[in-house]
Structure formats: C-alpha cells, structure tokens
Amino acid sequence: MMNLSRRRFLRGAVAIGALGSLPRLTSAAPGDQVVLASIGLNGMGHHHLGHLAARSDVRIACLCDVDDRVLGRSAETVKKIGREPPRLVRDFRHVIDDTSIDAVVVATPHHWHVPIAVRAIHAGKDVYLEKPASHVFAEGRLLVEAARKHGRIVQHGTQTRSSEVTARAGEVLRSGILGEIKTSKAWNVQRIVPQKPRADEPVPEGVDYDMWLGPAPKRPFNRNRFHRTWRHYRDYGNGDIGDDGAHDIDIARWGLGVDTHPVRITAHGSRVDLKGEREYPDNMMVAYQYEGNRVLIYEDRIWTPYGMHGFDSGNAFYGTEGYMIFSRRGYFQVYLGRDEKKGPGASGHPPPSVAHEGNFIECVRSRKQPVAPAEAAHLSCGLIHLGEVAYRVGRVLRFDPRAEQVIDDREANALLTKGYREPWGIPETV
C-alpha cells in the first residue's frame with residue numbers, strides 16, 4: 001500500500017508535469033529533442049528510462065503505468081537526473097492521443113506489446129518495443145504491416161544486436177574462417193525458483209488492475225500473476241523461451257544467416273522441478289530446420305544453478321571448419337579443426353543497452369531502419385511461438401514460411417493467434 005508521503009509526492013508530480021514549469025537542464029535545444037513517453041515502467045521499462053532521461057536529445061514528456069507506486073518511483077528517477085518532470089498517467093491512451101509525443105517505449109507484460117504498439121504506430125509514433133515483440137505468432141505480422149504502412153520506426157528490444165562483441169563476432173563469422181555455418185545453437189540455462197501458489201486477494205491500492213489485464217481474460221487479482229512473475233503464465237507471458245531465451249534465439253538466427261521462417265519444427269519440454277507454480281515447462285529443446293538444411297537449436301534448463309560453456313545465456317555457431325562460442329555477456333571464442341585450436345576471440349565488452357537505445361533515437365531522427373526492425377523481430381519471435389506450439393501439440397510441425405501457416409494442422413494454426421478481451425482487440429487490417 002502506498003504511504004501518505006508517497007501519495008502526496010505522486011499527486012504533486014502529476015501537477016508539476018502538467019504545468020511543465022521547470023527549466024530544461026540539458027544542452028540540446030527543445031526543437032532538437034525527441035519527445036518520448038514510456039509505457040510500462042517496472043523492470044526493463046525503468047532501466048530504459050534511466051538511460052533515456054539522461055540524454056540531452058530526449059525529453060521524457062509522459063510516464064505511463066497502471067501502478068501508482070511504479071509511477072512514483074519512475075518520476076523520482078527523472079527528478080534525480082535533473083530533467084523536467086513528466087506528466088504521469090495510468091491509461092496509455094493519453095499517450096497515444098498526445099500529438100506532441102514523437103515516440104514511445106513499450107515495456108509492459110508481453111500480452112500488451114502489440115496492442116499498444118500498433119495503436120501507437122497508427123497515431124504516427126515510433127516505437128521501442130521490448131522483447132518479445134509479439135505474444136502470439138500472428139501479432140508479429142500485424143506489427144510488420146503496421147510499421148510499413150505508416151512509415152514508422154520499430155526497434156525490438158534485443159539489445160545484443162547493438163553490442164560491440166556482436167559486431168566483432170559478426171566479422172569473424174563473415175570471414176569464412178569457420179567454413180559454412182550449418183547449425184547454430186541458443187541456450188538459456190539458469191536457476192529460476194517457481195513461486196509457491198497464492199490465494200486470490202483484493203487489488204492493491206493504487207493499481208488499475210483491469211487496465212493491467214487489458215486484452216487478457218478477466219480473473220481475480222493474484223500476486224503470482226502480477227509484477228515480474230506474470231511471465232510464467234500464458235495469458236501474459238511466453239515462458240523462458242520468450243524471456244531471456246528471446247535474446248539468444250535472435251542471435252542464433254542472426255549468426256546462422258537466415259531471413260525467413262523454418263520449414264520443420266520439433267520440440268520437447270517437461271517439468272523437472274515439480275515444486276511451485278508455472279504454466280510453462282522448466283526445460284525445453286526445440287529444433288528448427290530451414291530450407292537449405294540449416295538447423296537452429298534452442299535449449300533451456302531453468303532448474304540448474306550452472307550455465308553452459310560458462311554462461312547462463314549463450315550461442316554456438318557450428319561451421320564446416322570450426323565453431324564459435326558466443327555470449328551476450330560480452331564474449332566469443334573460435335575453435336578450429338579437429339584439434340579445436342583456438343582462433344579469434346574477445347571478452348569484457350560493456351552491456352549494449354545504451355547503444356541500442358541510442359540507435360533507436362538516431363533512427364527516429366534519420367528515418368533509417370534500426371538494427372532490430374519489425375521484420376527481424378517477427379522472424380526471431382516467430383521461433384519462440386512455433387517452438388511453443390510444437391511443444392503444446394506434441395508433434396512435428398511442417399511450416400509454410402510464405403503463407404505463415406502450419407501445413408495441414410488446424411489445431412496448431414489455431415495456436416498461432418488468440419482471442420482478445422474487448423475493447424483491446426487488434427484490427428486485422430493495419
């Protein structure tokens with residue numbers, strides 16, 4: 001429950017943000033600034049806010065979250081950086097309707113990503129969209145078509161695309177030293193303790209829970225399905241393959257050099273740790289075969305306290321002459337030939353979030369495509385969804401990459417989309 005002093009601060013921050021009376025404390029002139037709003041400010045949303053609010057070429061005009069406590073904490077972050085207090089709102093439609101806002105950062109739970117992003121695109125705004133861009137497969141195509149039709153910039157929150165170590169690893173992969181890359185692997189291996197079941201309870205004070213649910217089915221409030229741990233439930237999240245796994249799958253596809261969907265998908269998953277509550281498996285293996293017989297493999301184990309090759313999140317790229325171990329933690333190492341002689345490598349590179357956010361702001365100005373555009377987001381997130389569908393139906397999927405449909409499998413195709421609680425449906429024609 002929000003204490004009295006925090007409630008007073010929040011009301012004061014809303015009033016000051018509406019007046020816009022404090023001076024700018026940055027060197028960029030107002031006309032040179034990208035006017036930005038952040039929607040969803042817990043977790044990564046707050047992380048991005050701290051970086052973006054510190055940029056002299058960005059003005060944070062509005063903060064939006066359904067939880068007053070989260071809004072208050074985010075307003076304090078902007079205040080500490082010394083920037084003009086933003087307007088604070090619970091309902092994202094206030095952001096969409098504000099014609100002064102150039103771009104939005106969407107870092108809500110996954111089920112809200114595309115419903116908000118498409119509405120923002122329709123309103124003429126550019127979008128930085130946290131991963132995974134889509135909650136179900138069909139949403140990815142809607143996002144791509146909306147961005148194309150309205151000429152908007154969409155940057156997917158797969159920050160590894162902007163990493164210095166990724167650029168250096170890419171040079172090695174393109175050099176041919178590994179021969180032809182035939183297989184790539186992505187892994188997400190860490191210990192995530194599932195939460196104990198909880199009883200439903202009243203909605204906390206200061207939370208607009210109906211707005212939080214949005215397009216998801218109506219149900220009573222439960223803390224297991226709210227902040228942070230919502231990702232373990234299908235109504236809101238995509239499990240571990242769609243959480244940290246989204247980064248590693250994206251890089252696996254990038255390194256394999258495929259710009260289409262796979263044609264054959266097989267998957268296995270189960271629960272090894274039977275304690276606690278989660279709707280997704282705690283271990284998963286998925287194989288994606290592409291035209292030309294290239295293969296991408298995904299693996300996660302969420303019940304182990306150790307990683308693989310020394311990293312919780314990583315990739316391997318297997319070529320005809322050698323292989324590379326890569327991690328978005330800032331590392332790669334090449335091994336060549338039968339003797340696995342060490343080749344080029346690098347380590348110790350800084351996290352790429354600031355560079356990725358910067359690439360988005362630069363593209364908002366230049367109108368050039370960012371390093372992780374909507375089409376790339378759809379191709380990578382499509383792997384998340386196809387892996388989940390193959391796991392749920394329990395059989396091999398034969399996929400038509402051009403029609404974006406599973407061949408002769410009505411049950412699997414039905415899982416490529418979902419229903420939406422009104423009024424939060426997405427128009428089929430974007």
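The following questions and answers concern a predicted model.

Residues are numbered from 1 along each chain as its sequence is written. In this predicted model, local features need pLDDT of at least 70 and side-chain atom pairs count only at pLDDT 80 or more, while totals for chains, interfaces and linings use all residues, and side-chain values use heavy atoms, with hydrogens and water left out.

Me: How many disulfides does the structure hold?
Reply: A disulfide is taken here as a pair of cysteine sulfur atoms within 2.5 Å. The sulfur of Cys-62 has its closest cysteine sulfur in Cys-64, 6.4 Å away, which is too far for a bond. Cys-381 is in no disulfide either, its nearest cysteine sulfur, in Cys-363, being 18 Å away. The number of disulfides is 0.

Me: Is Asn-224 buried or exposed?
Reply: Asn-224 is found in the loop between helix H8 (209–213) and helix H9 (244–256), where helices are DSSP runs of H or I with at least four residues, strands are runs of E with at least two, and both are numbered from the N terminus. Buried means under 20% relative accessible area, exposed over 50%, and partly exposed in between, with a 1.4 Å probe and protein chains only. At 3% relative accessibility, Asn-224 counts as buried.

Me: With the side chains of which residues does the side chain of Asn-224 make a polar contact?
Reply: A polar contact is a pair of N or O atoms within 3.5 Å; within protein, one must be able to donate a hydrogen and the other to accept it, and residues adjacent in sequence count only if both atoms are side-chain atoms. For the side chain of Asn-224, one such partner is the side chain of Arg-198, at 3.3 Å. Another, at 3.2 Å, is the side chain of Glu-277. The residues are therefore Arg-198 and Glu-277.

Me: What distance separates the end C-alpha atoms of helix H3?
Reply: The expected span of a helix is 1.5 Å times one less than its number of residues. Helix H3 (residues 68–81) has 14 residues and should therefore span 20 Å. This agrees with the distance between its end C-alpha atoms, which is 20 Å.
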